[in-house]
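Hi,

Here is the structure I promised to pass on.

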Amino acid sequence: MTDIRRTVLWVVFTMSLVLLWDGWQKHNGHSSMFSPSAPKAVATAPNGAASGGVPAATVAAGQAPAIAPAAAPSEKVTVRTDVLTVTVDTLGGDIVRAELPKYLTSPDPSVTDQLLQMVRLKQPAPFTPEPVVLFNAAQQYRAQTGLVGAQGPLPTHNTPMTVLPGERELQAGQDEVKLRLESAEVGGVKLVKTFTFKRGAYTVGVTHEVINAGAAPVTPQVYLQLVRDGSTVTGGAAFTPSFTGPAVYNDKAKFKTLKFEDIDKGKVDIEKQADDGWVSMVQHYFASAWLVNEPGNREFFVRKLPGQAGVRGDTYATGMVFTLPTLAPGASTTQTALLFAGPQEENKLAKLAPGLVRVKDYGIFTIIAEPLFWLLDKIHGVIGNWGWTIVALVVLLKAALYGLNASAYKSMAKMKALAPRINELKERYKDKPQEMQQQMMKIYREEKVNPIGGCLPIFAQMPIFMALYWVLLSTVEMRQAPWILWITDLSVRDPYFILPLLMMLSSLFQVWLNPPAADPMQQKMMWIMPIAFGIMFFVFPAGLVLYWLTNNILSIAQQWMINKQLGVN
């Protein structure tokens, strides 16, 4: 039974670390050990697309026009607020760049680089942090809007627009700044876009004023779409995103993410029509989203765009289409939307739109991770430091599981006290394994010892440990959050590997406190495994190692106290 207990412990611990390592590999752009990466599709040349990518006059449901190479001259206009620096292209009024000056990039060395630095004791190359960028030309990542209609061509994201005079920077004492762009008439329809930037907001209000300047009535549709390529986003932390790609939300189908490789295969299983909802492009720590919270029918789409000359890789679009009222000649109407481009701050996302917090990816541990973050957030509100918040969380969890841990440690202490008798028994009955097991069970019953009782703390705490891994991986509030001294970012590895070494030493001390294995080879493995796993922790987030180290220290203190109470050395 002792061997069974040890086997269960090591299987649980090993599988947990294997899953963590596999997740770490996937987050760094490597293929999973359990499923190969889908082959990257090669972009194809356009096949007879209209010049400038102007959409056809008739648009099928959910088919907004695709991005196309610029065929007309354009001007880039930059608007600055206290939290956003946004660049708008006058060709169609696309948002083509959004810098977040309060969020800086950080070094993101590969696994190989980290291991080489560990072996050679070399410091990484000098790194100059820059603002995190969401929309950018390198990834063909942009936010687009425009009009389509059955009557014929209308102003789209490929239509040149004129910038109207106005301020371009939020001044002291101002709460908002606006940018207005106006198109020429296309099909008798003029489109005026007004972008409203507010102080402290990662949202941009976008108002579409549609004016029928023609002689016939029109029924235009407004499309809102996010376009980007399918490359993996890197930067921002030692870990790259848990998910990168489009996401759709509405009350009918709730939250749905779509992998780029699934879109390539035509696996786009979304609710295409609803009266509410939003679309998003999700990446690690940050997201963009088109939000229209007012109820009203909308059509959703997610699709791969045709290949384009001069564009590397494939591009994908997700968006919504809204049908506007029929406009008589001389009439006009407006449609408003909100573009979010910023960090996945859970509390703020919840206020922007229903379900928007789902862009923060906790993987399969969402059911545990969400309340765990809630508890961490409440503790942080009191302490004000995320490192000490993690320490306080471990103390609270240890207090909550004190009885369970005490029972397990008493069982382990009794097992250690019985070790000489068990070893003598094994020597006496080494040629009679069945009788040896019977005698061992008799001793356990007499001494009221549960041989697998020591597994209970591992079973109880491992889901919490795995959920915390995802919380640390996904929580932008902990990105670049310092603790003390050399720990300046809890979301990346310890730069000097001090915490992993301390964790390794504490794990070895725990092995000494536990009852020894009867098999000499197994006992050697008991000492080798903490070293092997400790090395794996060298590349885990410092916050996760801090959690495990604090847990080890408190476990050692509790087990030492129980051993003393029972007179076990």
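Before the strand pairs, one term: two strands pair if DSSP finds at least two bridges between them. Also keep in mind that this is a predicted model.

With that in place, take strand 8 (residues 189-198) and strand 9 (residues 203-212), an antiparallel pair with nine bridges. Across that pair, Thr196 stands opposite Gly205 in strand 9. Both strands belong to an open sheet of nine strands, ordered 6-7-8-9-18-15-14-11-12 with antiparallel pairing. Strand 6 (161-163) and strand 12 (254-257) are at the edges with a single partner strand each, so one side of each has no neighbour in the sheet. From one strand to the next, the twist averages 20 degrees.

Strand 1 (residues 76-80) and strand 2 (residues 85-89) are antiparallel and joined by five bridges. The hairpin between strand 1 and strand 2 goes through four residues, and Arg80 stands opposite Thr85 in strand 2. On to the next partner: strand 2 also pairs with strand 3 in the antiparallel sense, again over five bridges, and there Thr85 stands opposite Glu99.

How many of the residues of strand 2 are buried? Five of its five. Thr85, Thr87 and Asp89 point one way, Val86 and Val88 point the other way, and all are buried.

Now the aromatics. Searching the whole structure gives eight aromatic pairs. One of them is Tyr103 with Phe286: the ring centres are 5.6 Å apart and the planes sit at 85 degrees, so the pair is edge-to-face, given that over 60 degrees counts as such. Tyr103 is in strand 3 (residues 94-104) and Phe286 in strand 15 (residues 286-291), so this pair ties together parts 183 residues apart in sequence. Tyr103 counts as buried at 13% relative accessibility, and Phe286 does too at 2%.

Another pair is Tyr249 with Trp278, with ring centres 5.3 Å apart and planes at 10 degrees, so this one is stacked. Tyr249 lies in strand 11 (residues 245-250) and Trp278 in strand 14 (residues 278-282), so the parts tied together here are 29 residues apart in sequence. Tyr249 and Trp278 are both buried. As for clusters, Tyr103, Tyr202, Tyr285 and Phe286 form one.

The charged end of Arg228 sits over the ring of Tyr141, 5.4 Å from its centre. Arg228 is in strand 10 (residues 221-229) and is buried, with a relative accessible area of 1%. The side chain of Arg228 also makes a polar contact with the side chain of Asp229, at 3.3 Å. Elsewhere, Lys360 lies over the face of Phe373, 3.6 Å from the ring centre.

Last item: a proline in a helix. Pro463 is found in helix 9 (residues 455-474) and is partly exposed, with a relative accessible area of 31%. Leaving aside neighbours within four places in sequence, Pro463 is in contact with Phe365 and Ile368. Pro463 and Ala369 are 94 residues apart in sequence, yet their C-alpha atoms are 9.4 Å apart in space.

Cheers

Note on methods:
Residues are numbered from 1 along each chain as its sequence is written. This is a predicted model: local features need pLDDT of at least 70, side-chain atom pairs count only at pLDDT 80 or more; totals for chains, interfaces and linings use all residues. Side-chain values use heavy atoms; hydrogens and water are left out. Helices (H or I, at least four residues) and strands (E, at least two) are DSSP runs, numbered from the N terminus. Axes are lines fitted to C-alpha atoms, for helices over the stretch in contact, and angles run from 0 to 180 degrees between N-to-C directions. Rings of Phe, Tyr and Trp (its six-membered ring) pair if their centres lie within 6.5 Å; planes under 30 degrees apart count as stacked, over 60 as edge-to-face and the rest as tilted. Buried means under 20% relative accessible area, exposed over 50%, partly exposed in between (1.4 Å probe, protein chains only). A charge sits over a ring if NZ of Lys or CZ of Arg is within 6 Å of the ring centre and within 35 degrees of the ring normal. Contact means heavy atoms within 4.5 Å. A polar contact is a pair of N or O atoms within 3.5 Å; within protein, one must be able to donate a hydrogen and the other to accept it, and residues adjacent in sequence count only if both atoms are side-chain atoms.
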